[in-house]
Amino acid sequence: MKPKYTYLVLTLFISFFGQLFSQVNLGYQEPPKDIAALIDAPATPSTTISPDGDWLLLMERPNYASIEDVARPELRLAGLRIDPQTNGPSRTVFYTNLQLKSTTSDKYVDIEGLPEKLRANNIMWSPDGSKFALTQTTDQGIELWVVERAAAKAKKLSGAVVNAAMRGRPYTWMPDSEHLLCKTVPEGRGEIPTADSKPTGPVIQENNGAAAAVRTYQDLLQNNFDVELFNYFANSQLVKINTSSATTQNFAGAGVVMSFMPSPDGRYVLLTRLERPYSYLVPYYRFPQEVELYDAAGVRMKSLASIPLAESIPKGFGAVRTGPRNFSWRNDAPASVYWVEAMDGGDPKNEVEFRDQLFYLEAPFEGNPKEAISFKLRYGGITWGDDQLAIASEYWWSTRREITSRWDPSNPKDSKKILFDRSREDRYNDPGSFATQRNASGLRVLIRDKTTGSLYLTGVGASSEGNRPFVDKYDLDNGKTERLWRSKAPYYEYPISIMNAEEGIVLTRRESKDEPPNYFLRNLHTGNLDRVTKFQNPYTALKGVTKQLVKYQREDGVQLTGTLYLPAGYDKDRDGRLPVFMWAYPREYKSAKAAGQVSGSPHQFLRVYYGSPIFWITQGYAVFDNFAMPIIGEGEEEPNETFVDQLRMGAEAAVNKLVDMGVADRERLAVGGHSYGAFMTANLLAHTDLFAAGIARSGAYNRTLTPFGFQREERTFWEAPEIYFKMSPFMHADKIKEPLLLIHGEADNNSGTFPLQSKRFYAALKGHGATTRLVMLPHESHGYRARESILHMLYEMNNWVDKHVKNRKEASIVKP
């Protein structure tokens with residue numbers, strides 16, 4: 001890029017301020033009744049299965065929160081969003097009813113003693129399945145409760161003192177199923193800090209030459225007062241609770257506890273605390289950490305690691321912090337702690353034989369750590385089995401390579417043997433994941449055939465026909481698989497859990513185009529199928545809507561697919577061509593072959609959620625959902641080198657296919673997307689003449705505002721300024737002549753999609769005379785939660801497509 005061209009780009013995003021907004025005062029509105037009815041349809045309960053597989057816990061929750069709930073006070077600190085009234089996370093969706101359902105009979109059991117106004121969360125079964133715990137949120141704070149399964153009775157274990165400010169469950173079961181460890185608000189904490197109206201000095205940050213290419217994070221600490229607030233709400237006291245007597249005792253000292261894990265034998269606890277100095281550049285999980293071991297009484301035994309602040313992690317998706325990371329227990333051993341360390345300085349650009357090294361230390365944790373296995377790629381995780389078997393995974397982002405290996409934990413040296421070496425993008429040849437079950441400590445370990453020692457694999461089973469989930473048996477001696485079962489049309493059936501490997505009993509979730517998902521017990525040996533749940537179809541208004549997997553190809557030969565929905569009773573010969581609402585999200589690939597693989601299944605139930613375009617099937621539109629928009633860069637080429645051209649080819653192919661099918665009216669096409677889909681939408685309006693109008697929700701439009709990378713782009717603005725410029729629809733606002741509706745949550749916390757992105761883009765469009773509208777949803781984040789917000793969003797979208805697409809004037813769109 002020429003110097004004067006670079007200067008122009010920087011000037012645009014730094015000094016652009018000339019916006020004159022046309023304000024519209026409008027209260028919350030609602031869309032047509034057919035659309036609103038789908039939003040208010042009862043939600044299907046969520047489920048969690050007991051460790052022994054005998055019971056499902058059915059968990060009901062409302063579809064959406066009220067605007068009053070979403071508008072509650074909120075603190076945004078170090079990447080967290082905290083409700084100061086409860087000392088827990090804000091924007092939480094609660095379960096409002098719980099019920100037990102037997103998996104082996106038609107028996108339903110109501111639970112006695114639950115709070116009258118149930119607002120449950122963080123539900124977790126005890127290791128032996130005799131009980132489950134939950135948190136109950138009140139106006140005063142968060143309580144801890146336990147439910148005895150046999151008696152189906154609930155009991156409160158604590159007052160409103162649970163500290164759930166940090167991400168993750170604020171408690172965990174001890175392996176004895178009798179005790180819990182829980183984070184609580186320290187006694188005598190005092191009042192919430194208040195800001196001094198008189199500043200004591202400036203806020204200063206300094207860098208002494210170290211490169212710190214940090215991506216754009218939201219909700220970071222801004223000043224010392226934020227630091228004090230973070231400490232106040234994140235600081236917690238661990239307590240050990242007896243679930244029978246409800247008695248508690250303090251465990252270890254108070255601190256900013258990030259994680260805590262009992263050893264499988266219950267004799268030790270692995271605890272990670274955050275330490276100062278904190279940072280104004282990165283979220284809390286990159287703050288300094290102290291990793292420590294405690295005994296069962298809460299007495300500190302040993303420090304395993306002091307991990308420094310990670311502000312200067314090298315750029316790239318294969319980059320990691322230096323020093324020890326990913327501490328955890330070995331699930332199948334009494335007390336062996338494992339962790340991994342980078343051998344390449346955490347920098348993917350460094351060429352080394354091994355990227356990561358796995359270390360371990362066994363109780364009583366004396367002496368130096370021992371080396372386990374090494375990884376040529378970046379460490380992905382361990383699935384534990386027994387003394388002679390564990391499964392390791394490793395990956396490399398830039399090549400999309402993934403390796404799965406077996407190794408011997410009792411004698412790790414030279415025991416590693418590759419089982420699968422494949423591309424993560426190649427869904428058709430994905431062997432699946434090794435099946436696991438919970439052991440006596442409540443931790444997951446590999447399921448092995450008791451006679452042969454074989455393992456089991458389950459997966460989605462991607463194919464040219466769509467996903468067909470499967471269960472396989474894997475012979476460790478010869479590496480061969482035996483297909484035990486595979487989902488068949490007209491159903492989509494997915495294996496949830498192998499209940500009894502020897503008897504071939506699997507819990508599955510089964511659905512079809514017309515039948516909602518329900519749970520079944522399938523016998524792989526006999527083919528017998530026993531229904532467990534009887535959830536009803538909440539979307540009877542969509543009866544008769546047709547669903548079709550459409551296949552087509554781009555002009556460069558890349559195979560593409562999309563899901564076409566047509567209104568109930570639609571007859572092409574009688575009703576003619578329809579206006580079409582098209583919705584997509586671009587994805588990057590390193591292989592054209594992988595990009596062309598079919599995703600999803602034509603046999604899955606038609607699910608409705610607030611962000612779906614399916615609502616417009618009730619308004620006389622055809623809907624082309626999730627039409628493939630792959631961005632491919634094979635070999636050394638980066639996908640984004642030809643981003644705009646590939647968007648154009650993908651959209652043209654989709655439009656031409658729908659027109660050739662006789663379904664679409666070429667003059668009445670709308671395109672839309674959320675987040676990166678919004679970015680796609682704006683680019684399509686800037687660079688093509690295919691669409692009558694667009695809808696872009698919660699997007700980013702000026703990539704110079706995310707200069708250290710975005711989405712899957714690893715290069716910085718200074719390394720690829722032309723790419724950042726060309727891909728930014730903000731830079732091409734003068735070319736957008738089709739009507740564009742912009743919607744954004746005022747409290748968007750997604751990396752890169754600042755609300756400012758939509759505000760500045762609207763100003764640019766307005767400055768060039770475009771037909772555009774900006775809707776900012778109060779208190780909403782990157783995803784929208786309040787019923788009022790969602791209904792208003794649908795109102796705006798419906799008005800937009802009705803006016804500019806369905807009922808548009810016949811005058812053709814002409815670009816200068």
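Select W145 to begin: W145 stands opposite K156 in β11. Now widen the selection to strand β10 (residues 142-148) and strand β11 (residues 153-156), which run antiparallel and are joined by four bridges. A word on the labels: strands (E, at least two residues) and helices (H or I, at least four residues) are DSSP runs, numbered from the N terminus, and two strands pair if DSSP finds at least two bridges between them. Strands of a sheet pair through backbone hydrogen bonds, either parallel or antiparallel.

What you have open is a predicted model, in which local features need pLDDT of at least 70 and side-chain atom pairs count only at pLDDT 80 or more, while totals for chains, interfaces and linings use all residues. Residues are numbered from 1 along each chain as its sequence is written, and side-chain values use heavy atoms, with hydrogens and water left out.

β10 and β11 have four residues between them, and A152 in the turn has a positive phi of about 55°. Most residues other than glycine have a negative phi, and most peptide bonds are trans.

Next, click on N122. This residue is not a glycine, yet its phi is positive, at about 55°. You'll find N122 in strand β8 (residues 120-125).

For cis peptide bonds, select R276 and P277. The bond from R276 to P277 is cis, with omega near 5°, and P277 sits in the loop between β17 (268-274) and β18 (289-295). Then hop over to A489 and P490, also joined by a cis peptide bond, with omega at about 10°. The loop holding P490 runs between β33 (481-486) and β34 (491-500).

Zoom in on strand β14 (residues 237-242), which runs antiparallel to β15 and is joined to it by three bridges. Pick I241 and look for its bridge partner in β15: that's T248.

Now move to A252, in the loop between β15 (248-250) and β16 (257-262). Is A252 buried or exposed? A252 is buried, because its relative accessible area is 17%; buried means under 20%, exposed over 50% and partly exposed in between (1.4 Å probe, protein chains only). A252 also has a positive phi, near 60°, in a residue other than glycine.

**Another open sheet**

Select β24 to β27. These four strands make an open sheet in the order β24-β25-β26-β27, with antiparallel pairing. Its edges are β24 (378-386) and β27 (417-423), each of which pairs on one side only. The twist from one strand to the next averages 15°.

How many bridges join β25 to β26? Strand β25 (residues 389-396) and strand β26 (residues 401-407) run antiparallel and share seven bridges. To see one of the pairs, select A390 and its bridge partner W407 in β26.

**Two buried alanines**

Go to A628, in the loop between β42 (622-625) and β43 (630-632). A628 counts as buried because its relative accessibility is 18%. Leaving out residues up to four places away in sequence, A628 touches Y552, L560 and T561, where contact means heavy atoms within 4.5 Å.

From A763 to Y285 the C-alpha distance is 36 Å, and the two are 478 residues apart in sequence.

**Last stop: a cavity**

Finally, select E588, E638, P639, N640, R712 and E713, the residues that line the largest cavity. A cavity here is a set of points on a 1 Å grid over the protein atoms alone where a 1.4 Å probe fits but cannot get out, and lining residues have an atom within 4 Å of a point. The largest cavity has a volume of about 30 Å³, counted as the space filled by probe spheres set on the points, which are joined across faces, edges and corners.

Note on methods: On a 1 Å grid over the protein atoms alone, a cavity is a set of points where a 1.4 Å probe fits but cannot get out, and a pocket is an open set with protein on both sides within 12 Å along at least five of seven lines; lining residues have an atom within 4 Å of a point. Axes are lines fitted to C-alpha atoms, for helices over the stretch in contact, and angles run from 0 to 180 degrees between N-to-C directions.
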